[in-house]
Structures are given as C-alpha cells and as structure tokens.
Amino acid sequence: MHELQRRLQFACKAREPGKIAKIESPEGRRRPAGFYITPRPWISSLLFCAFANAAIAADFVRSGGPYVPTPQGVVDEMLAVAGVSRDDFVIDLGSGDGRIVLTAASRYQARGKGVDIDPELVDQSNKEVQRRGLGKLIRFEQGDALKTRIEEATVVTLYLLPELMHALRDRLYKELGPGARVVSHDFRFNDWMPDRTVTIDVPEKYGSRGAWQSNIFLWIVPAKIAGRWRAAIDDGNGEHYVLSFSQSFQRIEGEALVDGVRVALEGAQIEGKRIRFLLPGTGEDAGTRREFTGTIDGEAIQGTIVSYEGSVPWHATREPAPVTARSTLQ
C-alpha cells in the first residue's frame, strides 16, 4: 500500500461521535498512554476523513491499486499465452518488482520496459536488471500507466484494477499495432472480450498460501477494417466487388455489393492482421460459398479465394472516408 493511503487510513480509523477512541499505529504498536483522538470537534474530524478517503480513492484508481506481486507461475503462463519471443518488446504497466519483464528478458531474450508509480519498486527493479546483466534488453521507469507511451510494444502485460483497465482500453486498442498482444492477470476490459482465457491453479496468492486460481486473459489487437473496400479477383476476368465492414474490437460484420446485389458476408473473423469471411454465391452460383482469407496492411488487403473451382488471388483497397460538410458561424 502506498504511504499516503497508509497514513490517511491510520488517521481516519472508524470512530463514533461522542466517544473517545484509542487507536494503534500502522506498525501495530499501541500509542503511549494518553494518546487519544477526542471527539471535539467531531464534525471537523468527519469532514477531514471524508476528504482523506476521497484522496485515497483517487490515488487508488490512479495507481491501479496497492502493489500485489503476481505469482511466478502466473507470470510464466502469461508470457506463454502471449507467445513472447526474442522479437517482442514487452511493456508491463504497473510493473511492481519487475518480475514479468525480468522473466521475459532472461527466458526469451525479449526487450522491454516496466512502468510503475512507486519509485522504490522502480529502483529495486533496475538494480535487479544490473545484477542479472540484462541492461541491454530492459529497463524500468517511474511513471503513470495512463500516460506511458505504448506504441512500440508488441506485448503489454497488466495486473491492474478494473477502473484503470477501463481507462487504458481505448489507448491500447488505438495505439498498439495490429497483432500486438495484451495479457492481463485476473481483470478484464469492459466490452472488449478476450480472445482467449486460461485458468490455472496457484499455491499462493495475495501473500497467502492455499487453493487459489488465477485467470489469464489474452487480447490480440485487430487491424482496423471498418469502412468500404474495393476488391478485385486477380484471375484476368475483371471480377470486382465493393466490401463494407463494421467493427467493434475483434467482432466484425460485412456485406458485398455483387452486380448491384447486396450479399451479407458469413463467418467474418479478424485476428491481428488476418481476415477471413465467406461470400455466398448469387444467381447460378446460389448455394455455393467462396472463402476469402487475407492479410491487412494499412489501406490494402492481399489474399486468396478458395472455392470448388480452386484458388485464386484477390486484393482490396480501402476507399477514402467521405468528407462531412461543416457549417461555420462567422
């Protein structure tokens, strides 16, 4: 627990107006005789505690909660679920004693950094980096998780309370590149469903031994597919479509305009840069389906179509978004 939280909670231990309350120090030592919090003026005391508790709550959300170390078994599974390799740059937001980034570097030779609001934990982590000789791969910085630059990350690891998870969600979705992985211990995002969930047994959690379980959630950041795309089949026949997609995180829906007929796409899926969907046939081809797969690269898609006739390449280009007219008051 941060020192601010500890001191304010000590000062505001519950007491009833009109009674004398004897309290203990944060270290558990009883204060000398005669050290009492008196009820006069008790209204001022209550107001102080109300503002103090508000400060605690604000700091609690800003910091992501008190420092609770992630069990090493959970760290190992988080990195395995994310598929960390030497090609990755791992950022741990709320890095604590640094064990996630330290393990990623020592076991997988991944590069990365940890960010924590507590300067003592950051200093401790950097000393461990030097002790292990990992200074060329990783570092730790004091900072606010909400303001940390994350665009270089290919993997982001989290063990934060839901309020901060929700505050980070849109930044992670917008700023991380397609295919980046986000992995969290025990807490999920609002609305953005995980791509994979793993539950493991752990012998110790929150500093206590017992029959505990931990949930590990994985999200793969999808490419941004929403909008209209002009698609063409590269078989020399000049066949082309207009594809339209809507998107909510990794959930997508779409339709194709085929010879003036709108056809709903089936089974549309996106994972990182990869897209897959089925296009039902029309007219003489009714009852058939062609499977489109492709790789999204910014404003372009390249892929393959598979049908009963065989396979052919296809490509698509995103149409520019229409410009919305705006009136300006002079």
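Tutor: A definition to start: two strands pair if DSSP finds at least two bridges between them. This model is predicted, and in it strand 8 (residues 227–233) pairs with strand 9 (residues 240–248) over 6 bridges, in the antiparallel sense.

Student: What holds paired strands together in general, hydrogen bonds from the backbone or from side chains?

Tutor: The backbone: strands of a sheet pair through backbone hydrogen bonds, either parallel or antiparallel.

Student: Let's go along the sheet. How many bridges are there between strand 13 and strand 14?

Tutor: There are 7, in the antiparallel sense. L278 stands opposite E291 in strand 14.

Student: And how many join strand 14 to strand 15?

Tutor: Strand 14 and strand 15 (residues 300–307) are joined by 7 bridges and run antiparallel. T295 has Q302 in strand 15 as its bridge partner.

Student: How many residues sit between the strands in that hairpin?

Tutor: There are 2 residues between strand 14 and strand 15. In this hairpin, G298 takes a positive phi near 70 degrees.

Student: New topic. How many aromatic pairs does the structure hold?

Tutor: It holds 13. One of them is F277 with F292: the ring centres are 4.9 Å apart and the planes are at 15 degrees, so the pair is stacked.

Student: Why does 15 degrees make it stacked?

Tutor: Because planes under 30 degrees apart count as stacked, and the planes of F277 and F292 are at 15 degrees.

Student: Where are F277 and F292 in the chain?

Tutor: F277 is in strand 13 (residues 274–280) and F292 is in strand 14 (residues 289–297), 15 residues apart. F277 also forms an aromatic pair with W314, with 6.0 Å centre to centre and 80 degrees between the planes. That pair is edge-to-face. W314 lies in strand 16 (residues 310–318), 37 residues away from F277.

Student: Which residues form an aromatic cluster?

Tutor: Y173, F189, W192, F217, W219 and F249 form one. K224 lies over the face of Y173, at 4.5 Å from the ring centre.

Student: F217 is in that cluster. Which residue stands opposite F217?

Tutor: T197, with F217 in strand 7. Strand 6 and strand 7 (residues 208–220) pair in the antiparallel sense over 9 bridges.

Student: What is the order of the sheet of 7 strands?

Tutor: That open sheet runs 3-2-1-4-5-7-6, and its pairing is mixed. Strand 3 (138–142) and strand 6 (196–205) stand at its edges, each with a single partner strand, so one side of each is left without a neighbour. Neighbouring strands here are turned by 20 degrees against each other on average, direction ignored.

Student: Which strands does helix 4 touch there?

Tutor: Helix 4 packs on the sheet and touches strand 1 (89–93), strand 2 (111–116), strand 3 and strand 4 (155–158). Its direction makes about 165 degrees with that of strand 3.

Student: Where does V101 lie, and what does it touch?

Tutor: V101 lies in helix 4 (residues 99–108). V101 is buried, with a relative accessible area of 1%. Leaving out residues up to four places away in sequence, V101 touches D92, G112, K113, G114, I138 and F140.

Student: Last one. How many helices and strands does the protein chain have?

Tutor: It has 6 helices and 16 strands. Of its 330 residues, 40% count as buried. The accessible surface comes to about 18,500 Å², of which 51% belongs to carbon and sulfur atoms.

How values were computed: Residues are numbered from 1 along each chain as its sequence is written. Side-chain values use heavy atoms; hydrogens and water are left out. Helices (H or I, at least four residues) and strands (E, at least two) are DSSP runs, numbered from the N terminus. Rings of Phe, Tyr and Trp (its six-membered ring) pair if their centres lie within 6.5 Å; planes under 30 degrees apart count as stacked, over 60 as edge-to-face and the rest as tilted. A charge sits over a ring if NZ of Lys or CZ of Arg is within 6 Å of the ring centre and within 35 degrees of the ring normal. Buried means under 20% relative accessible area, exposed over 50%, partly exposed in between (1.4 Å probe, protein chains only). Accessible areas come from the Shrake-Rupley method with a 1.4 Å probe; for residues, only the protein chains shown count as cover. Contact means heavy atoms within 4.5 Å. Axes are lines fitted to C-alpha atoms, for helices over the stretch in contact, and angles run from 0 to 180 degrees between N-to-C directions.
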